[in-house]
Amino acid sequence: MREPRALEAPVRMSGEVVKGFGRGSKVLGIPTANLPHDALKQLPRSFETGIYFGWATVDGVGPYKMVTSVGWNPQFANTSMTVEPHLLHSFPDDFYGSSIKIVIVGHLRAEAKFESLESLIDEIHLDISSAGELLDCEPYSFLRSA
Ligand SMILES: Cc1cc2nc3c(=O)[nH]c(=O)nc-3n(C[C@H](O)[C@H](O)[C@H](O)COP(=O)(O)O)c2cc1C
């Protein structure tokens with residue numbers, strides 16, 4: 001279980017789900033509902049890159065538990081910053097074009113480059129299970145309707 005850090009104030013972001021590089025589902029087996037580049041301006045100026053958790057709604061349905069990376073994906077040396085939420089819910093289909101709203105309530109860890117893809121996948125699974133447990137507890141559960 002990760003040692004979380006609560007944010008001083010929840011951070012809200014929204015936008016239309018866009019396609020990433022397509023590695024989330026295919027390479028990692030962990031689909032992400034990426035926010036458009038434009039949504040980055042919704043982040044507070046001092047916001048640090050990293051792995052965070054919170055709540056998400058899709059087309060007004062939810063809230064679902066979510067874990068998200070905010071940053072540069074050092075494993076893949078991306079040249080632009082992205083926000084890539086993974087929802088702790090299995091959806092029957094892709095939902096590109098849907099409207100996603102997220103509220104980020106806590107920080108889990110810094111982004112990192114691991115020695116193998118398997119290690120990255122293991123770390124993301126630990127992020128997911130940690131977020132799942134943390135979001136059942138105060139203060140994070142309370143913020144589901146924030
Ligand atoms: C919970 C979570 C943790 C992540 N941690 C890292 C990380 O430590 N390093 C990294 O390079 N990418 C990290 N990522 C980003 C994934 O590498 C990225 O979502 C994946 O490559 C899919 O990208 P794509 O949708 O653009 O194809 C993380 C993603 C999630 C959802």
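Trainee: What is the space taken by the ligand?
Mentor: This is a predicted model, in which local features need pLDDT of at least 70, side-chain atom pairs count only at pLDDT 80 or more, and totals for chains, interfaces and linings use all residues. Residues are numbered from 1 along each chain as its sequence is written, and side-chain values use heavy atoms, with hydrogens and water left out. A molecule sits in a cavity or pocket if more than half of its atoms lie within 2 Å of its grid points. Here, the space that the ligand takes is the largest pocket.

Trainee: How much space lies in the largest pocket?
Mentor: A pocket is found on a 1 Å grid over the protein atoms alone, as an open set of points where a 1.4 Å probe fits, with protein on both sides within 12 Å along at least five of seven lines; a cavity is a set from which the probe cannot get out. Grid points are joined across faces, edges and corners, and the volume is the space filled by probe spheres set on them. For the largest pocket that space is about 520 Å³.

Trainee: Which residues are closest to the centre of the largest pocket?
Mentor: Lining residues have an atom within 4 Å of a grid point. The largest pocket is lined by 29 residues, which divide into 12 nonpolar, 11 polar and 6 charged (Ala, Val, Leu, Ile, Met, Phe, Trp, Tyr, Cys and Pro are nonpolar, Asp, Glu, Lys and Arg charged, and the others, Gly among them, polar). The closest to the centre are Leu28, Thr32, Ser69, Asn73 and Glu84.

Trainee: Which residues are closest to the centre of the second largest pocket?
Mentor: The second largest pocket holds about 260 Å³ of space. Of its 15 lining residues, the closest to the centre are Pro31, Thr32, Phe91, Asp94 and Phe95.

Trainee: Where is the place of Asn73?
Mentor: Most residues other than glycine have a negative phi. Asn73 has a positive phi, near 50°. Its place is in the loop between E3 and E4.

Trainee: What is omega for the cis bond that joins Glu138 and Pro139?
Mentor: Most peptide bonds are trans. A cis bond joins Gly62 and Pro63, with omega about 5°, and Pro63 is in strand E3. Pro139 lies in the segment after H2, and for the cis bond between Glu138 and Pro139 omega is about 0°.

Methods. Helices (H or I, at least four residues) and strands (E, at least two) are DSSP runs, numbered from the N terminus.
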